[in-house]
Every structure is written in C-alpha cells, then in structure tokens.
Amino acid sequence: MRRATAVTLGLMALLATLWAFASPAAAAGRQVFRLTLTGADPDGSGTALVKVKSQKGEVCYRIRVQRIGEPHEPAPGLGSAHIHLLSTGGIAVDLKAQFSEVDDDVFVAAGCVDADQSLLREIRRNPDAYYLNIHTMEFPGGALQAPLAS
C-alpha cells in the first residue's frame, strides 16, 4: 500500500512539473499564429502556421498555398515568403521559404530562420503591425497575405 501511495505521489509530482512547463508562462518566449491566406490572386488560398520564438531568435513556419502558381522571389536574393511591417511594407523577416509542389498547383514550404530577438519580441507584443505575404511572378507585390493578428 505504501508503495502504491509513493508511486501515485511521484506521478502527481511529475504531472505537476509537466503542467508547469506547458503553461503560458513557460512558453512566454513563443507565440503561434494560425493564418488563413487570401489576397490579390482571387483564385488562390492558403494557410500558414508561424511560430515566433523570441528567446531563441527564431521563426518557424509551415505554409500551404494553392491556385496561385509557384511562389517566386520578388527580387534576387529575397525569398518568396516574408513577414512584413504593415506601416511601411518593408520586410521584417525573410522566411527564405523553399516551396515544393505537392499536387497540381498546390505548394508547401516549412522551415525555421534566425531573426533578431528584439524584433521578434516586438512582433509578439504587437502582431497587428505585421503580416505574412507570399509572392509570385504574376503578383510580385504579393499573391496571398494575412495579418499575424487575426
């Protein structure tokens, strides 16, 4: 009986520890954005999952777009997907996304990029000042986009 009580107490302590690590306070350096992409290309659509990890200085993403053609960089050396500053349209984070076609006119990209920690803290504090944009040859200014705060 004592052994069962000790095992139960041990499991309770383990669960309490795991709960603490899963709490919002423990994830204070990370924010996840789930986006529905729409925009200039009326036929296109997409989804994105963007994780901003300010303490690691990293942004991770998973993007799926369809019916926009192949995502393409708007200028040499720039990726085809970016987080932009809403007020200026300037690139805040180049995701350096490499899209692959997985079905007829369906493209996906996933990865992580390094970014300045102070910029990522600002994005977490003020996500409505930023948006995700996907560029194509037909729509170099952006075929699809979504505000981070939606």
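These legends go with close-up views of the salt bridges and the disulfide in a predicted model.

**View 1. Three charged side chains join up in one network.** Here you're looking at Lys 53, Lys 56 and Glu 58, which are linked by salt bridges. Glu 58 takes part in both of the contacts described in the next two views, one with Lys 53 and one with Lys 56.

**View 2. Glu 58 pairs up with Lys 53.** In this salt bridge, the closest N and O atoms sit 3.6 Å apart. Are the two partners buried or exposed? Glu 58 has a relative accessible area of 17%, so it counts as buried. Lys 53 comes out at 18%, which puts this residue in the buried group as well. The cut-off for buried is under 20%.

**View 3. Glu 58 also meets Lys 56.** This time the N to O distance in the salt bridge is 4.0 Å. Lys 56 is exposed, with a relative accessible area of 60%, whereas Glu 58 is buried. So here you have a salt bridge with a buried end at Glu 58 and an exposed end at Lys 56.

**View 4. Glu 122 and Arg 125 reach each other along a helix.** Zoom in on helix H2, which covers residues 117-125. The side chains of Glu 122 and Arg 125 form a salt bridge, with 3.5 Å from N to O. How far apart are these two in the helix? They are three residues apart, which means that about one helical turn separates them. Glu 122 is partly exposed, at 27% relative accessibility, while Arg 125 is exposed, at 62%.

View 5. A disulfide is a covalent bond between the sulfur atoms of two cysteines. Which strands does the pair tie together? Cys 60 belongs to strand E3 (residues 58-66) and Cys 112 to strand E7 (residues 106-114). The two cysteines are 52 residues apart, so this link joins distant parts of the chain.

**View 6. A closer look at the bond itself and its two ends.** The angle about the S-S bond is 110°, and the link between Cys 60 and Cys 112 is right-handed. Cys 60 is buried, at 8% relative accessibility. Cys 112, on the other hand, is partly exposed, at 47%.

Technical notes. Residues are numbered from 1 along each chain as its sequence is written. This is a predicted model: local features need pLDDT of at least 70, side-chain atom pairs count only at pLDDT 80 or more; totals for chains, interfaces and linings use all residues. Side-chain values use heavy atoms; hydrogens and water are left out. Buried means under 20% relative accessible area, exposed over 50%, partly exposed in between (1.4 Å probe, protein chains only). Helices (H or I, at least four residues) and strands (E, at least two) are DSSP runs, numbered from the N terminus. A disulfide is a pair of cysteine sulfur atoms within 2.5 Å.
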